Amino acid sequence: MKGDLFSSQHVVQPAVAPGMSVENAKCVKYAVNGEMYARQGAMVAYRGDLVFERKGQGVGGMLKRAVTGEGLPLMAVRGQGEAWFAHEAQNCFIVDVEPGDQFTVNGRNVLCFDASLSYEIKTVKGSGITGGGLFNSVFTGQGRLGLVCDGNPLVIPVSAQAPVYVDTDAVVGWTTHLQTSLHRSQSIGSMLRGGSGEAVQLMFQGEGFVVVRPSELTPQKNQQH
């Protein structure tokens with residue numbers, strides 16, 4: 001066969017080492033040699049001797065997901081082979097988590113990750129009930145984490161002198177040493193007079209980075225996630 005579709009730009013090449021790599025802007029390839037984890041329904045193709053199994057979150061995790069609509073429905077992938085993961089043609093990125101790191105990420109942005117990483121679903125500090133009961137997944141250990149994002153994410157440095165304020169629907173994740181709290185930017189009177197309606201943001205203080213998607217969730221997408 002000939003044509004642009006069959007050019008080297010699109011034809012996948014065999015993996016040279018086990019683990020995760022970006023196949024293209026919309027897809028992550030994982031060369032499995034043992035076990036890894038991915039969000040349920042994210043596998044688009046595989047080859048080799050692989051088994052896919054639903055992974056439970058435990059009672060606490062399931063409860064949080066039922067109450068908030070957030071969470072991390074996972075499947076375990078075991079065996080030897082190659083698998084490709086994608087989600088709604090969103091852009092894909094890889095984060096290397098090192099020992100001592102802690103990366104907090106919204107569950108809807110998690111695509112796949114190494115079995116060497118541990119995760120826990122936690123309440124975002126400072127959000128409380130007013131923030132809609134914000135729950136994110138906190139990753140620790142050493143390994144690679146594959147993320148998806150609508151568009152190219154913004155990675156914004158945060159310093160003690162310059163806190164960053166992010167819409168709660170736009171935040172993707174943040175690094176270890178950042179503290180969170182809710183910030184109200186407008187009064188109700190201002191909103192009624194035609195203000196932007198951005199009444200509450202998540203404020204980040206400390207030293208680190210916050211990752212932001214370049215759009216807010218639409219009501220339809222929010223229901224899908």
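Predicted model: local features only at pLDDT ≥ 70, side-chain atom pairs only at ≥ 80, totals over all residues.
Biologist: What makes E1 and E2 a pair of strands?

Modeller: Two strands pair if there are at least two bridges between them. Strand E1, residues 19–24, and strand E2, residues 27–39, have five bridges, so they pass that cut-off. The pairing is antiparallel. Asparagine 24 stands opposite cysteine 27 of E2. Two residues lie between E1 and E2, and the two strands form a hairpin.

Biologist: Why are E8 and E11 said to stand at the edges of their sheet?

Modeller: The sheet is open and holds six strands in the order E8-E9-E6-E13-E16-E11, with antiparallel pairing. Strand E8 (117–123) and strand E11 (154–158) each have a single partner strand, so one side of each has no neighbour in the sheet. Direction ignored, neighbouring strands here are turned by 25° against each other on average.

Biologist: How do you know that E11 pairs with E16?

Modeller: Five bridges join E11 to E16, residues 208–212. The cut-off is at least two bridges, so E11 and E16 count as paired. The two strands run antiparallel, and valine 158 stands opposite glycine 208 in E16.

Biologist: Why is arginine 213 called buried?

Modeller: Buried means under 20% relative accessible area. Arginine 213 has 5% relative accessibility, so it counts as buried. Arginine 213 is in the loop between E16 and helix H3 (219–224). Leaving out residues up to four places away in sequence, arginine 213 touches Arg108, Cys149, Asp150, Asp169, Ala170 and Val172.

Biologist: What makes the pairing of arginine 213 with aspartate 150 a polar contact?

Modeller: A polar contact needs a pair of N or O atoms within 3.5 Å, one able to donate a hydrogen and the other to accept it. The side chains of arginine 213 and aspartate 150 make such a contact at 3.2 Å, so the distance is within the cut-off.

Biologist: Why is glutamate 88 called partly exposed, and why is alanine 89 called exposed?

Modeller: Exposed means over 50% relative accessible area, and partly exposed covers the range between that and the buried cut-off of 20%. Glutamate 88 is at 44%, so it counts as partly exposed. Alanine 89 is at 52%, so it counts as exposed.

Biologist: How do you know that glutamine 13 is partly exposed?

Modeller: Glutamine 13 has 48% relative accessibility, which lies between the 20% and 50% cut-offs, so it counts as partly exposed. Glutamine 13 is found in the segment before E1. Its contacts, not counting residues up to four places away in sequence, are Lys29, Arg47 and Glu82. Glutamine 13 and glutamate 23 are ten residues apart in sequence and 9.1 Å apart in space, C-alpha to C-alpha.

How values were computed:
Residues numbered from 1 in each chain as written. Heavy atoms only, no water. Helix = DSSP H or I, 4+ residues; strand = E, 2+ residues; numbered from the N terminus. Axes fitted to C-alpha atoms, helices over the stretch in contact; angles between N-to-C directions. Buried < 20%, exposed > 50% of the residue type's maximum accessible area, 1.4 Å probe, protein only. Contact = heavy atoms within 4.5 Å.
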